[in-house]
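Please read them with the model open.

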Amino acid sequence: QAFTCVMVSYSRAGKLRNSLQVLNMMQKAGVEPNLLVCNTAVHVLVMANRMEKALRFVERMRLVGITPDVVTYNCLIKGYCNLHRVEDAIDLIVEMPFKGCSPDKVSYYTVMGFLCKDKRIAEVRDLMDKMKDGKLVLDQVTYNVLIHTLSKHQHPDEALKFLREAEERGFQFDKVGYSAIVDSFCKKGDMDRAKEIVNEMFQKGCIPDVVTYTSVVNGLCRVGEVDQAKKMLQQMYKHGCKPNTVSYTALLHGLCRNGNSSEAREMMNMSEEEW
RNA sequence: AUUCUGAUCU
C-alpha cells in the first residue's frame with residue numbers, strides 16, 4: 001500500500017501532522033481505510049508518543065467495523081513502554097484475550113525488553129510464566145532479546161544468567177551473543193570477567209572475532225591499561241584475526257585519553273606491517 | 001519501522 005509508505009516516511013521525518021493528513025486524503029479520494037492503514041496510523045501516533053490519541057483512534061476503528069488485531073495491540077504495548085508505563089502494557093497483555101485477540105511472542109518481547117533496561121528481572125520472570133500459560137514457547141529469540149537488552153544496559157551478570165539457563169535448555173549461542181556479554185563486562189570495566197567469557201568461547205568452539213577483540217581492546221583502554229590493549233591487538237593477529245579500522249581507532253582513542261597522544265600520532269604514521 | 005541480531009569515533 002502506497003498510503004502506508006507515505007505515512008511511515010512522514011513519521012520518520014518527525015512530521016506527525018503530515019502523516020495523518022494522508023488519512024484525510026484517502027477519505028477525499030473515496031478510499032476506505034483498511035486494517036493495514038489503521039495499524040500504520042496507530043504506529044505513527046505511538047512513535048510520536050501520542051498515546052491518548054492512539055487509544056482513541058483504536059476506539060474509532062472499532063466503531064467503523066475494523067477490528068484491531070495483534071499488530072494494533074502490539075503498537076499500543078510499545079507505546080506504553082515508551083512512556084515507561086510498563087504496568088499498563090502488562091495489563092493490556094492480560095486483557096487482550098478478553099478482547100478476542102491473544103498476545104503473541106512480539107507482545108511479550110516488547111515488554112520484556114523494556115523491563116531488562118531497568119534490570120527488573122522478577123517481572124521478566126513473571127512474563128515468561130505468563131507466556132507459557134498462554135501456550136507460547138520460550139524460544140531463542142526470547143533469550144536473545146533478554147541477553148542483548150541486558151548487555152546493552154550494563155547488566156552483564158543478569159545477561160549471563162539467562163544465557164546459562166538457555167544453554168541448559170538446549171539453546172545454542174553464537175559469537176554474537178557471547179560478544180554482547182563480553183562487551184557489557186568491558187563497558188563496566190570488569191575485564192577479568194570479560195576475559196573469562198572469551199576463554200569460555202574458545203572452549204565451546206565459538207571463536208571470537210574482530211568485534212569481540214575490539215570490545216576487549218576498548219575495555220582495557222577505558223580502565224587505563226593501554227599497554228595491555230596493545231598486546232591484545234597483537235594477540236588478535238596470532239589468532240588469525242586481523243584488526244580493522246575500528247580496532248585501531250579504539251586503541252588510538254585510548255592512547256589519547258591516557259595522555260599519550262604523541263604515541264597515537266606515531267602509530268597513525270606507521271603502516272600496518274611495521275606496527 | 002509492531003519484536004531479537006555484538007565493537008571505536010561521531
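1. Throughout, buried means under 20% relative accessible area, exposed over 50%, and partly exposed in between (1.4 Å probe, protein chains only). By this rule, arginine 120 counts as partly exposed at 24% relative accessibility.

2. This is a predicted model, where local features need pLDDT of at least 70 and side-chain atom pairs count only at pLDDT 80 or more, while totals for chains, interfaces and linings use all residues. Residues are numbered from 1 along each chain as its sequence is written, chains are lettered from A and ligands numbered from 1 in the order in which they are written, and side-chain values use heavy atoms, with hydrogens and water left out.

3. Chain A has 16 helices and zero strands; helices (H or I, at least four residues) and strands (E, at least two) are DSSP runs, numbered from the N terminus.

4. The radius of gyration of chain A is 24 Å, whereas a compact globule of 275 residues would have one near 19 Å. The radius is taken over C-alpha atoms, and the globule rule is 2.2 Å times the number of residues to the power 0.38. Along the principal axes, the C-alpha trace spans about 70 × 45 × 30 Å. Of the 275 residues, 44% count as buried.

5. Contact means heavy atoms within 4.5 Å. Among contacts in chain A between residues at least 6 apart in sequence, 58% join residues at least 24 apart.

6. A salt bridge is a side-chain nitrogen of Lys or Arg within 4 Å of a carboxyl oxygen of Asp or Glu. The count by this rule comes to 20.

7. One of these pairs is glutamate 52 with arginine 85, at 3.4 Å from N to O. Glutamate 52 lies in helix H4 (residues 51-63) and arginine 85 in the loop between helix H5 (70-82) and helix H6 (86-95), so the pair ties together parts 33 residues apart in sequence. Glutamate 52 is partly exposed at 45%, as is arginine 85 at 28%.

8. Arginine 120 pairs with glutamate 87, the closest N and O atoms being 3.0 Å apart. Arginine 120 sits in the loop between helix H7 (105-117) and helix H8 (121-133), and glutamate 87 in helix H6, 33 residues apart. Glutamate 87 is partly exposed, at 47%.

9. Glutamate 200 and arginine 164 meet in a salt bridge of 2.8 Å, N to O. The pair ties together parts 36 residues apart, because glutamate 200 lies in helix H12 (residues 191-203) and arginine 164 in helix H10 (residues 156-168). Glutamate 200 is buried at 14%, while arginine 164 is partly exposed at 30%. Salt bridges that share partners join Arg164, Glu167, Glu200 and Lys204 into one network.
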